[in-house]
Amino acid sequence: MKTIEQIEKIRNEKRKELELRINPEVVTQEKHILVCRGTGCTSSKSPQIIEKFREILAQKNIENVRVIQTGCFGLCAKGPIVVIRPEETFYAHVKPEDCEEIIETHIINGQKVERLLCKNMDGSIVHKLNELDFYKKQKRIALKNCGTINPEEIDEYIAFDGYKALEKVLTGMSQDDVIDVISKSGLRGRGGAGFPTGKKWSFTKMAESDQKYVVCNADEGDPGAFMDRSILEGDPHCVLEAMAIAGYAIGANQGYIYVRAEYPIAVHRLKVAIQQAREYGLLGKNIFGTDFCFDIDIRLGAGAFVCGEETALLESIEGKRGQPRLKPPYPASQGLFGKPTVINNVETLANITKIILNGAEWYASIGTEHSKGTKVFALGGNVNNVGLVEVPMGTTLREIVYDIGGGIPKGREFKAAQTGGPSGGCIPAEHLDTPIDYESLASIGSMMGSGGLIVMDDTKCMVNLAKFYLEFTVAESCGKCTPCRIGTKRMLEILEKLCSGEATEEDIERLEKLAINIKKASVCGLGQSAPNPVLSTLRYFRGEFTEHAVQKKCRTNECKKIAKIQINQDQCKACGLCQKQCPVGAIDGEGREKRTINQEKCIKCGTCIASCPFKAIK
Amino acid sequence: MNEEMITLTIDGVEVKTKKGNTILQAAREIGIDIPTLCFLKEINEVGDCRMCIVEVEGRRGFATSCIQKVEEGMIVHTNTPEVTEARRIVLDLILSNHAKDCLTCTRLGNCELQKLAERFNVQNIEYAGEMSKHEIDDKSPAIVRDFNKCILCRRCVATCKNVQEIGAIDCIGRGFESCISTMYDCSLNDVDCTFCGQCIEACPTGALHEKEVINEVWKKLKDPETYVVVQTAPAVRVALGEEFDMPIGTNVKGKMVTALKRIGFDKVFDTNTGADLTIMEEANEFMERMQGGGVLPMITSCSPGWVRFAEKNYGELLGHLSSCKSPYQMFGALIKSYFAEKYGIARDKICTVSVMPCIAKKYECSRPEMEVDGARDVDYVLTTRELARMIKQANIDFAVLQDSNFDDPMGEASGAGAIFGTTGGVMEAAIRTAVDTLEGKNIDQIEYKEVRGEKGIKEACLKVAGNEVRIAVSSGLANARKLMEQIKEGKSPYHFIEIMACPGGCVMGGGQPIKSAKVRSSVDVRKLRADSLYEIDEKSAIRKSHENPVMKQIYDEYLEKPGSHLAHKYLHTTYHPMKKYDID
Amino acid sequence: MEEKCVEQKVRKETEEILAQYRPEKDLLITILNDVQEKYGYIPKQAQMAISEYLAIPMAEIYGVITFYSRFTLAPKGKYNISICLGTACYVKGSQKLLDRAKERLKIEPGQVTKDGKFSIDDVRCVGACGLAPVFMVNDEVYGNATVKQLDEVIDKYMKL
């Protein structure tokens, strides 16, 4: 148990020690080698890099250099990432074999290892992290500590204002004050629909009950989204602190974090963080010597996307099949174990401490009229800088894809971006300049969702993409209500017909009608949004659907059953290489004759495309 | 008490309804019949099927009318083009994954899904596609599960899990692959199912039904060598008429007997007489236990679902069960012994058929214990529903039949035997006899109202011959479990307990005519059928089992006295602990 | 005989897991996670022990196990190949990896090869989107994967 004074002392001392982490100008003999231990970098051997650095440092008796594991830096495409502070040198694609050279050249000789530095789009070599294009338009609030602190050291969190917001709340604010600040900040739920967080807290506070709960939804199920995971991995205490604040505001003394078991690193860091917070008395009884008691337990999800839906998540915490409940009643009045419950997702909670410390006005000054603050996106797909980006609400898609994301690889065309995952929709090029917020995304047929943002180039077939999402929904539908259980299956069947050239135009109309009705008649958010990927692709790419139905043609050849591989007769030099490679003898022509493909025999394996030295086959 | 009323508008009609009612209830009060499928009042109120969706002005998306409570000033539309289209698609989707072999389905004409298809004038399935395929489970002697007809309404699951608190079936898998099944998709025969059959009563389609033995019985009837004797349980006569569009609870005893004779049964007996016999034995057993320091509380054993439940869950407490066979088994044993000898019919030429309101009795009659000297007590058990089907197959216009009486020499039954068919009836009948016997005189009190009615557990304390006798009556297995846990903990205050597996007793047995969810939500079926039984009792000349002259005749001519050696041979049985799950 | 021994062992070990928890129904999934972790699947005997301890019918436990994709009823292969079909990986061609694995091992996702050596899972996002497309063999992650790389990895494990 630590008193307010003791915590303050830790904060001040540790802050001095860690000043070099955030201040490149600091004068010090020390260096910190920060190595990303997020899931991405960890799976490409960052733990071995840490070991290697420590080994070499020990060998060489270098004492003023520390090697620290951190959370995600965001630029996953360049992983494993090593950052050396205070000079902010950003090394990309570091391998354990590179450690020796980094120590020799950088640490000992004070020079940069040029070959491990990144280049910006204009070709310039980047020496400091903040000079990277990737970071220039970002504003990190939720991700503030990610990549800066060691997530397994509570003192490092405390050094950067950690648990200061909780102290402020417990020692000087009433429950209503807290709710008031959150309400005025304009913070809205980052998990999907964007419900105002202050309102949620206020409803739960007003519900009368002997027991209330705070639940953190960390069941990040959207395939291609990893914001919540990165926050938990990089800064777990900010979530714990926010949950305690929520608990104080609504009158709860118990919290649960529902996290995917598929996130072992996040789970481990949470466990460590909870343990450390308990030891310091920041969780448990009489926090900061006040009457307020609050503790947190972890519950593991077990692989069901639908458990991201708040009522399904509650069922799952109760040990049942994750089948959503009908609303009303809402969790604010009858939630976990039938008691009033606040459910917030990780990213929402990651904003709370900053709002408490910096004030509602500060937060409300960022973003657009109805969507305040920042949003973290997991940028993926056909984009150069795959990774995690946090931008103010109202940033345009173009800025994210081109300025931050570095554009589309191989110089291909942008075709669409998908937001909101299986519940969201596709945004075509014509809307690249739409400032992104909750309202604008909804108005163009997509949704914010949790923040997955997948970029697609012109090699992607939109009918096939719609099919991909429906496959996901069909596999993840809980099976409770008819429209979602059977309806999505029927939608998928129609899409399969389209992709194999067996559908008619009438099928497209049937598909659309079914989609609209599933949206209206399903019980929960999953069913109600499951048709979105189809409806939005129909809205912007209807022509492609018609092509599949009428001409039995897929312009990208992604739909294998109707794909037609052809040899451009103008480009063919009759070298015969393709013929040699073709496993089924589907290529006709002899000697100096230009080659053609026998469509009856062709199995569309693509071997010929790869084999053609003249790129004549498509 | 002044109940708060809510005013709302449904389809332009203003309606005042009680606060707390659902939109569905309010609509029905003014003659608007919103279609439902998964809704089963107080048992399954989940809003899964989406048939009952309506539009509520000012609200995003559709409201679920079977759950959504009325609010002041609410404006509801049940039939806008949008809601009609969505509902029609929902029905289309359900039908697209339903085996549509309606003509050969046992629920033909009494299927809630079929009625909806008719009502919506479904002419083709717009969204036909892949259908779930499942093997039919017909291993048990009692229940057949045909998941190909299941629409996943989960009414059966709610009944099994929440009403009976057994949970033998549950929703398995996820999404389109979900189905209602048992652990590891085992047969019901091999799991904790008690064969109470309440799931069948809950099923809106033909996904769950009894294992039919109609054809086997017809075969015996047509065989000139076989002497086929039938007996009918008390609860059958007050429900059979429902299968012929008569009001619920109509007593059709006379027509039923006529029909059975026309069908060709050689003798038609009344299980009520068997019930009287059970009382003779059970009252005697109880008195012996009271006086001789036997295991108490003693618990009745005429509900085979309950017996199977006890054997699977309380193997160590089976000594509490009365050793008496259930009435129709006793009667069957006597038909093949006493009756056969008296009339000189070879025992092995006799086939005994029982018409029962029960599913578990199909299982019970196959228990190895239920035979004497190689002769099965009862060869076939038909449900009330199966009897109705046989009557129809025999070209009998049931409604216009004249009445007939049960056959002698065992045709007389007391009113006590009649009330066996409802919860509390066995106890009341037993008390009538036990009190007279213990007091050694004819006591005026006949009715014991404290053990009547719908409450799950009823209790009373009687003063008999200077002693206190504490009794309890329960129906529904969830209540049985409560009483058993008390016994297990050594805290049971009772001397005598009546347990019936089905909530409400045999009148609500799993073999009775199936009532739609709509009927079940507007009519108290149990009360109508039970009242009819109490009326039979009230009008009976003899209302106590021991006063039935047939009893005297049987004991004088054959069994000597209750509890005799012969009585034990024919009328009593044994129980054995069972593995809850019979798996490798 | 041997089978009985194994069953008793599973039961005993499950009871050890159960001893760490209060007998309350909401812990079902937590306990199942522990059992899955321990055995790589959830044995029947373990389910029976849990059913008795938490007083939950077997059908309900079976319903919960079959609801969550992390829980399995049969052991996986010695080398379980998980191919990520999350959107980021899918857009970068992970379907080709899955098709190839199926072709090579002649099994469908969720199945195990006859010799018990390999199994395939199609998983939804392992969170390594930066390395898309990704596949895993047990806990080892292979990022920026190609069909060629998958072939090499399968060859390597086949020889082991």
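**Note on a predicted model: domains, contacts and backbone exceptions**

1. Chain C is divided into domain 1 (2-67) and domain 2 (79-159). The bounds come from an automatic or database domain assignment. The centres of domain 1 of chain C and domain 2 of chain C, taken over C-alpha atoms, are 29 Å apart.

2. This is a predicted model: local features need pLDDT of at least 70, side-chain atom pairs count only at pLDDT 80 or more, and totals for chains, interfaces and linings use all residues. Residues are numbered from 1 along each chain as its sequence is written, while chains are lettered from A and ligands numbered from 1 in the order in which they are written.

3. Chain C touches chain A. The contact takes 30 residues from chain C and 40 residues from chain A. Two residues are in contact if their C-beta atoms, placed from the backbone, lie within 7 Å. On the chain C side, α2 (28-39), α4 (58-67) and α5 (87-91) each supply at least two residues. Helices (H or I, at least four residues) and strands (E, at least two) are DSSP runs, numbered from the N terminus. That side of chain C divides into 17 nonpolar, 9 polar and 4 charged residues. Here Ala, Val, Leu, Ile, Met, Phe, Trp, Tyr, Cys and Pro count as nonpolar, Asp, Glu, Lys and Arg as charged, and the others, Gly among them, as polar.

4. Chain B also touches chain A. This contact takes 26 residues from chain B and 24 residues from chain A. Helix α2 (residues 81-96) of chain B gives the most to the chain B side, with 7 residues. By class, that side has 12 nonpolar, 8 polar and 6 charged residues.

5. Chain B is assigned domain 1 (5-95), domain 2 (127-210) and domain 3 (214-571). Between the centres of domain 1 of chain B and domain 3 of chain B, taken over C-alpha atoms, lie 42 Å.

6. Two cis peptide bonds deserve a look. One joins A:Gly79 and A:Pro80, with omega about -5°. A:Pro80 sits in the loop between β2 (65-70) and β3 (82-85) of chain A. Another runs from B:Leu296 to B:Pro297, with omega near -10°. B:Pro297 lies in the loop between α8 (271-292) and β12 (298-299) of chain B.

7. Most residues other than glycine have a negative phi, and most peptide bonds are trans. A:Phe288 has a positive phi, near 55°. Its loop joins α12 (264-279) and β9 (295-301) of chain A. A:Phe288 counts as partly exposed because it has 18 C-beta neighbours inside 10 Å; buried takes 20 or more other C-beta atoms within 10 Å, exposed 12 or fewer, and partly exposed lies in between, with C-beta atoms placed from the backbone.

8. B:Arg154 has a positive phi too, near 70°. B:Arg154 is found in the loop between β6 (143-145) and α4 (155-163) of chain B. With 24 other C-beta atoms within 10 Å, B:Arg154 is buried.
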